[in-house]
Protein chains: 2
Amino acid sequence: MDGMKIAIQGSTGSFHHLAALRWFGESIEIVPCETFLGVFQALADLEADHAICAVENSLYGSINEVYDLLLAFKYPIVGELPEHIHQQLIGLPGADVSQISRVYSHPVALNQCREFLAEHLPAAEKIEYHDTAEAVALIKQLDNPTYAAIAGHAAAAHHGMQILQENIEDERTNFTRFLILDPSASEVAGANKASLILRTSHAPGALYRALGVFANLGINLTKLHSRPIRGQVWKYQFFIDIEADQRQLDTALSELSDLGCEVTILGHYKAAEEIEVD
Amino acid sequence: MDGMKIAIQGSTGSFHHLAALRWFGESIEIVPCETFLGVFQALADLEADHAICAVENSLYGSINEVYDLLLAFKYPIVGELPEHIHQQLIGLPGADVSQISRVYSHPVALNQCREFLAEHLPAAEKIEYHDTAEAVALIKQLDNPTYAAIAGHAAAAHHGMQILQENIEDERTNFTRFLILDPSASEVAGANKASLILRTSHAPGALYRALGVFANLGINLTKLHSRPIRGQVWKYQFFIDIEADQRQLDTALSELSDLGCEVTILGHYKAAEEIEVD
């Protein structure tokens with residue numbers, strides 16, 4: 001996939017960059033974007049061919065903004081990639097953990113290291129930044145040995161900064177799931193997983209009956225995430241991942257339609273291999 | 001409730017402060033906390049008698065951190081209060097909207113004004129701050145007419161700052177739901193709503209069967225929100241709100257237990273009156 005342009009949230013050395021290299025190979029060109037909205041916009045503006053985008057983390061949970069963007073843009077999901085995430089406390093060469101007064105990082109990364117920060121750096125300011133790798137670039141530029149960033153190994157190496165404390169995430173089982181988006185997608189061979197948005201009527205039991213469609217067809221639900229419906233106070237739509245081949249998916253959609261549910265298919269793709277916790 | 005100490009996230013003039021005044025009356029003493037964790041900690045440390053805490057917004061969705069804290073601390077929920085939220089763009093007296101280069105606010109407030117900011121202040125930096133009212137205090141202190149904050153009317157009035165643009169939230173139906181927590185709670189008379197945490201087995205159809213308990217008892221589900229279970233990759237627990245009296249609740253709990261579900265009751269309280277959109 002030589003020269004393919006891949007939109008990512010973040011920059012060189014970010015977790016998105018590593019995920020892009022793993023999925024697409026080494027010869028891609030990344031299109032770095034400051035925000036998740038920027039990633040979807042890069043696809044809309046034809047500045048990138050594909051995007052790879054984090055959608056949930058096993059500690060932080062779902063990234064609501066990404067779910068809202070998946071709904072707004074409806075770019076087909078053509079694959080998923082789970083990555084084992086290790087966070088590093090990174091500072092200037094020679095810096096001392098006990099002297100750190102500020103920690104910069106992406107809010108998801110700060111959240112993954114909540115317990116470490118509370119225990120080891122309770123007095124340090126935690127400052128949210130738009131990207132982990134860029135937070136490393138920032139502390140390099142600020143050149144203050146009491147400032148640190150949280151990011152991956154690759155970001156420290158890329159910017160020539162020092163890892164002050166390794167693997168500071170609160171849990172070893174810290175995985176981020178990335179989705180691959182392809183605006184010009186055709187059918188994915190061997191697809192066995194689908195991502196849907198389900199809107200039921202608001203009658204009592206409506207969600208129960210909708211989930212019954214999947215249960216009765218023997219379709220496993222791997223994820224259910226609710227998001228508010230804008231303009232309808234305390235009413236929700238459901239982002240659902242199911243394990244289903246084309247025939248099961250078609251049957252489920254037809255039965256859900258009979259129940260009066262609105263369903264939007266965000267993608268039908270191959271599920272990632274089961275995760276091994278190393 | 002004279003002199004009662006109420007822990008809130010934020011400070012004088014914040015939306016939490018207004019919600020506290022509405023629920024408890026004018027003669028309370030607020031215990032301002034920088035973070036949601038601080039609010040729960042204030043109850044743990046007996047620095048406050050009660051807390052009032054935002055749990056979801058009709059545009060932003062659920063506040064994941066608060067759900068995690070409800071689970072961690074398990075302080076009884078004794079009531080709920082929906083508040084209609086209007087956001088104001090606030091600056092120094094005489095400031096000009098077109099000259100604004102930075103906008104400070106709480107991430108939830110920034111999110112509620114996403115479209116306004118994209119349309120009117122696309123080039124301005126959006127800087128996340130721990131509290132709306134404190135963001136107003138900050139721009140007052142920084143004394144730079146190109147800096148603005150997003151907060152409510154009360155914060156502008158409290159700090160003597162100017163509203164540059166009124167009601168900039170992206171939707172008129174912008175409500176925040178607050179929960180009232182009382183560590184020494186006894187039974188709430190006339191309770192008709194319960195908040196639960198449900199963990200099912202991870203067998204296919206387990207969630208469907210659990211929701212069947214509510215559906216078969218004629219119990220309406222008003223909310224279902226999933227959060228990851230820490231240490232179990234891609235496994236979720238469900239925060240569920242149901243409309244149920246004591247008898248219905250007891251029956252449902254017994255049937256869920258028969259299905260092998262683990263249920264934690266976070267509170268049984270009176271549902272708020274239905275919301276009128278003004």
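Select Arg230(A) and Glu115(B). These two form a salt bridge, with the closest N and O atoms 3.5 Å apart. The model on your screen is a predicted one. Side chains of opposite charge can pair when their charged atoms come close.

**The interface of chains A and B**

Stay at this interface. How many salt bridges does the rule find across the interface of chain B and chain A? There are 6. The rule also finds 8 residue pairs in polar contact across this interface, both residues at pLDDT 80 or more.

Now color chain B by its secondary structure. Several elements each supply at least two residues of the side of chain B that touches chain A. Among them are strand 3 (50-57), helix 3 (64-73), helix 5 (114-120), helix 8 (206-216) and strand 14 (236-243). Strand 13 of chain B gives the most, with 9 residues. By type, the residues of this side of chain B divide into 17 nonpolar, 16 polar and 12 charged.

Next, show the whole contact. Here 45 residues of chain B are in contact with 45 residues of chain A. The size of an interface is often given as the accessible area lost when the parts come together. Chain B and chain A bury about 3700 Å² between them, 56% of it on carbon and sulfur atoms. Which residues of chain B lose the most area to chain A? Select Tyr208(B), Arg230(B) and Trp234(B): together they account for 23% of what that side buries.

Arg230(B) lies in the loop between strand 13 and strand 14 of chain B, and Asp170(A) in the loop between strand 10 (162-165) and strand 11 (175-181) of chain A, so the pair joins two chains. Is Asp170(A) buried or exposed? Asp170(A) is buried, with a relative accessible area of 16%. Arg230(B), at 28% relative accessibility, counts as partly exposed.

**Salt bridges inside each chain**

Over all chains, the count comes to 22 salt bridges by this rule. Go to Glu56(A) and Lys223(A) for one within chain A. Their closest N and O atoms are 2.9 Å apart. The pair links distant parts of the chain: Glu56(A) sits in strand 3 (residues 50-57) of chain A and Lys223(A) in strand 13 (residues 220-228) of chain A, 167 residues apart. Glu56(A) is buried, with a relative accessible area of 2%. Lys223(A) is buried too, at 3%.

Now widen the selection around this pair.

Cross to chain B and select Arg177(B) with Glu56(B). They form a salt bridge, the closest N and O atoms being 3.0 Å apart. This pair also links distant parts of its chain, with Arg177(B) in strand 11 and Glu56(B) in strand 3 of chain B, 121 residues apart. Both Arg177(B) and Glu56(B) are buried.

**The domains of chain A**

Return to chain A and color it by domain. Chain A is divided into domain 1 (5-84 + 174-181), domain 2 (88-165) and domain 3 (193-269). The C-alpha centres of domain 1 and domain 2 of chain A lie 23 Å apart. Their contact takes 14 residues from domain 1 and 14 residues from domain 2.

How much area do domain 1 and domain 2 of chain A bury between them? The value is about 1100 Å², 60% of it on carbon and sulfur atoms. Select Thr12(A), Phe15(A) and Tyr60(A). They supply 35% of the area that domain 1 buries against domain 2, more than any other three residues.

Check the polar side of this boundary. Between domain 1 and domain 2 of chain A the count is 0 salt bridges. The rule does find 5 residue pairs in polar contact there, both residues at pLDDT 80 or more. The residues on the domain 1 side that touch domain 2 divide into 4 nonpolar, 9 polar and 1 charged.

**Last stop: Ser14(A)**

Select Ser14(A), in the loop between strand 1 (5-9) and helix 1 (15-24) of chain A. Ser14(A) is buried, with a relative accessible area of 1%. Which residues is Ser14(A) in contact with, leaving aside its neighbours within four places in sequence? Show Ile8(A), Gln9(A), Asp131(A), Thr132(A) and Ala133(A).

Technical notes:
Residues are numbered from 1 along each chain as its sequence is written. Chains are lettered from A and ligands numbered from 1 in the order in which they are written. This is a predicted model: local features need pLDDT of at least 70, side-chain atom pairs count only at pLDDT 80 or more; totals for chains, interfaces and linings use all residues. Side-chain values use heavy atoms; hydrogens and water are left out. Contact means heavy atoms within 4.5 Å. Buried area is the accessible area (1.4 Å probe) that two parts lose on being put together, summed over both. A salt bridge is a side-chain nitrogen of Lys or Arg within 4 Å of a carboxyl oxygen of Asp or Glu. A polar contact is a pair of N or O atoms within 3.5 Å; within protein, one must be able to donate a hydrogen and the other to accept it, and residues adjacent in sequence count only if both atoms are side-chain atoms. Helices (H or I, at least four residues) and strands (E, at least two) are DSSP runs, numbered from the N terminus. Ala, Val, Leu, Ile, Met, Phe, Trp, Tyr, Cys and Pro count as nonpolar, Asp, Glu, Lys and Arg as charged, and the others, Gly among them, as polar. Domain bounds come from an automatic or database domain assignment. Buried means under 20% relative accessible area, exposed over 50%, partly exposed in between (1.4 Å probe, protein chains only).
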